[in-house]
Amino acid sequence: MIALAHAVAIVLYLAAAGLAAIPFARPIRAPVRSVVWVLAAGIAIHAAALVQFVRIHDEPPLTGLGPALSFAALLVAITLLVVEVLAREVSLTLFAAPLAALLTGFASLAGMVPGPEANGMRGVWLTSHIALSFLGIAAFATAAAAGVMYLVERRELKSRRFGAIFRFFPPLETLDRVNHVAVVAGWLALTVGIGLASSYALEYRTGHAIKMVWAYSAWLAVTSLTIGRVVRGWRAHLSAMLTNVLFAGVVVLYIAFRVIDPLKGRFL
Amino acid sequence: MALILAGLSHHTAPIDVREKVAISSHETPRVLEELAQITRARELALLSTCNRTEVYVVEGDAPAAPGIWAHLSRRLGGSADAASYGYVRRDREAAAHLYRVASGLDSMILGEAQIHGQVRDAWEASRSTSRAILNRLFQSSLLVASRIRTETAVGRGAASVSSAAVQLAKKIFGSLSGRRAMVLGAGDMADIALECLVSEGVRTAVVANRTHERAVSLVERHGGEALRYEECWPRLADVDVLLCSTAAPHPIVERAQVEPAMRQRGDRPLCILDIALPRDVAADVGTLDNVFLYDLDDLRSVVANNIERRRQELPSAESVIAEEVELYWQWLAGLAAVPVLRTFRSRMDRVREDELAHALKKLAHLPADDRAAVDLFSRALMNKFLHEPSVRLRAASANGHGLAIVDALRYLFGLEPSDSEAPSDDAPNVESR
C-alpha cells in the first residue's frame with residue numbers, strides 16, 4: 001500500500017508540474033487552482049503512506065534512507081504548497097514538484113524500512129531534530145529553486161528575450177522575496193534541528209562524524225546566506241547565485257558521504 | 001423582418017470616410033430618430049467609434065439597408081455612396097459580428113478592451129429605439145466579450161508601446177506601486193508612457209527636460225519635481241525606472257553617469273526604458289550589472305509577440321462566439337412562437353368567456369361566490385389545457401421545428417395568419433431563415 005501510495009503521489013507531483021507548465025505550451029495563464037489541488041492531493045496521499053508506515057513500524061518515518069527521503073519529499077511538497085497558496089503563484093512548481101517526485105521515487109527504490117538506529121533512539125528529542133532538520137533542508141531547496149528561476153529569468157531579461165519565461169515566470173522581485181523568506185525559514189529550522197541534535201549527542205554521548213560534518217556544513221551554508229541577506233543586505237542576484245552554489249555544494253557533499261559512508265540504509 | 005447590420009469599419013473604409021460618417025454621442029438620438037423614420041425598423045441601435053459606424057436593425061415591413069446607406073451617404077457628401085465602403089450582415093452573421101466587435105476581435109489592435117465600454121455606451125444611447133431583440137443582443141455581446149477575455153488569451157499582454165513599458169517594468173519589480181520614476185524629456189511619448197506608469201502606482205520623482213517649462217507642465221499633470229538635465233544625475237540612485245524620451249540627436253545617458261548611481265543602489269535593479277529615436281541611452285549602459293535597458297525595438301518586439309499570441313487564440317474565441325450565437329438564436333427563435341401563442345390563447349379565452357356567459361345565464365340562481373368559483377374553475381381548466389402545448393411550441397421553435405407546429409395550430413384552431421403575424425415588439429419571424 002505504501003509503495004502504491006508513493007507511486008500515486010509521484011504521478012500527482014509530476015501532474016502538478018505539468019499543469020504549471022501549460023503556459024509554455026499555450027498562451028494562457030497557469031491553472032493555479034488545479035495545480036494547488038493536484039499538489040494537495042499528492043501531499044494527502046503521500047502523507048497517508050507515511051501514516052501507514054507509522055502504523056506498521058510504530059515509529060515516525062525519520063530514520064532509514066527510504067523513510068527519511070520520503071519525509072523530506074513530503075516537506076518539500078508542503079513547503080511548495082504553502083508558497084503557492086500564499087503567493088498565488090505556481091511557477092515554482094516546475095522545479096520543486098519534480099524534486100519532490102524524485103525524492104519520493106528514491107525513497108521507494110531504497111525501501112521503506114526503518115534505519116538500524118531506530119530501536120532505542122526514539123523520543124521527542126530525536127524526532128524533533130530530524131523533522132526540523134528536514135524542514136530546514138526543504139526550505140533551503142525551495143530557496144535554491146527560486147534562485148534558479150531568478151537567474152534564468154534575469155538572464156532572459158538582460159538579453160532582451162521575451163519568450164515563454166518572460167511571460168510566465170513571476171517577477172524578479174517575487175522570486176527574490178521567496179528566496180529571502182525560504183533562506184531565513186531554513187536557517188531557523190536547521191538551527192533548532194541541529195541544536196537539538198548536538199544536545200542529544202552530548203547527553204547520550206553518541207554521534208556520527210560524517211553525519212555531523214554534513215549537518216554542520218548545511219547549517220553553515222544557510223547561516224552564511226542568512227547573515228548575508230539579513231545583516232549584510234545581500235539582495236537578488238548575489239543571493240540567488242550563492243544559494244544555488246551552496247545548495248549544490250550541500251547536495252554534492254551528501255552524495256560523496258553516501259558513497260563513502262559504511263552504514264547503509266540510513267539517510268546518513 | 002430580419003436582424004441586420006449595415007455599416008463600415010477600418011477594414012473597409014479609409015479614415016477620411018470613417019471620420020465623415022462617425023456619429024458623436026450628442027448626435028446619436030437625432031440620428032436614431034431619423035433612421036427610424038427612414039427605415040421604418042422595429043428596433044434600432046447605433047455603434048459609432050473612431051474605427052466603425054454600424055447600425056443594428058430589426059427590420060419592419062421594408063428592407064432597412066437602403067435607408068441606412070442613404071443616410072450615411074448624405075454624411076459623406078457629394079455623390080459618394082457609403083454602401084461601396086460598407087457591409088451588410090444578416091441574422092446569425094449580424095449577431096456574430098457584434099460579438100466579435102465587443103470582444104475586440106474586429107478591432108484594429110486585436111483584443112483591445114476599450115471597445116467593450118464603447119459597445120455598452122452605444123447600447124445605452126440606443127435604449128430609446130432598441131427593444132427585446134437588440135437589448136438581448138447587446139447584453140449578450142458584453143457577456144460574450146467577458147467570457148472570451150476570461151477563457152482565452154485574446155486580451156492578454158501589452159498591445160501598445162507604453163503598456164509594454166509597464167509590462168517590462170512589472171516583470172522586474174512586480175508591483176510598481178510606490179516605485180520612483182525619472183523621466184528625461186517631456187514630449188508626447190513621455191507623457192503617454194508616464195501616464196501608464198503612474199496609473200500602475202509609480203511615484204514620479206523627477207522630470208528633466210531641456211525646456212524647463214515643458215518639464216513643469218508634465219509635473220503638473222503627473223506629480224513630482226521638474227529639474228534641468230544637469231541637476232538630475234545625482235538623483236538617479238533613488239529611482240527604479242528611468243524613462244528616456246528626448247529629441248537629442250546623440251545619447252545623453254552614458255555609462256559614466258549610471259555607474260556611480262548603480263554603486264550607490266547596491267543590488268537594487270534599475271529599469272531603463274529608452275523610447276527615444278535616436279536612442280538616448282548608450283548601448284553599453286545595458287551591460288552594467290542590475291541595469292535592465294530596453295529600447296523602442298524591444299518594446300515593439302514585446303507588443304508584436306503579444307499580438308501574435310492573441311492571434312493564436314482566435315480559434316478558441318471563435319468557438320465561444322459560435323456557441324453564444326447559437327444560444328442567442330435559440331432564444332430569438334423561441335420568440336417567434338409568441339404571437340401565435342398569444343392569438344391562440346386569446347381565441348381560447350374568448351371561447352371560454354362565451355361559454356361561461358352562456359352557462360351562467362342558466363345558473364342565475366347561484367349566489368355571487370359560487371358564480372365566481374365557476375369563473376375561476378373555467379380559467380384554471382383552460383390554463384391547464386394550454387400549458388403543455390405552449391411549453392412544447394416554445395421548445396419546438398427554439399429547436400427550429402416550430403413552423404410546422406405553428407401551421408398545424410393555425411389549421412386546427414382556425415387562427416388566421418394575419419392574426420398571429422401582427423406587428424409585435426418581441427416577435428420576429430426567424431424560422432423561415
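Reply: Start with handedness: a crossing is left-handed if the near helix is turned anticlockwise from the far one by less than a right angle, and right-handed if clockwise. Helices (H or I, at least four residues) and strands (E, at least two) are DSSP runs, numbered from the N terminus. Here, helix 4 of chain B passes helix 6 of chain B in a right-handed crossing. This is a predicted model, where local features need pLDDT of at least 70 and side-chain atom pairs count only at pLDDT 80 or more, while totals for chains, interfaces and linings use all residues. Residues are numbered from 1 along each chain as its sequence is written, and chains are lettered from A and ligands numbered from 1 in the order in which they are written.

Me: At what angle do the axes of helix 4 and helix 6 of chain B cross?

Reply: Two packed helices are described by the angle between their axes and the distance between the axes. Axes are lines fitted to C-alpha atoms, for helices over the stretch in contact, and angles run from 0 to 180 degrees between N-to-C directions. For helix 4 (residues 91–103) and helix 6 (residues 132–151) of chain B, the axes cross at roughly 50 degrees and come within 8 Å. That makes helix 4 of chain B oblique to helix 6 of chain B (under 35 degrees is roughly parallel, over 145 roughly antiparallel, 65 to 115 roughly perpendicular, the rest oblique).

Me: Which residues of helix 4 of chain B meet helix 6 of chain B?

Reply: Two residues are in contact if their C-beta atoms, placed from the backbone, lie within 7 Å. Among them are B:Leu98 and B:Tyr99 in helix 4 of chain B, with B:Leu142 and B:Val144 among their partners in helix 6 of chain B.

Me: And how many residues does each chain give to the contact between chains A and B?

Reply: Chain B gives 21 residues and chain A gives 17 residues. Helix 12 of chain B brings the largest share of chain B's side, six residues.
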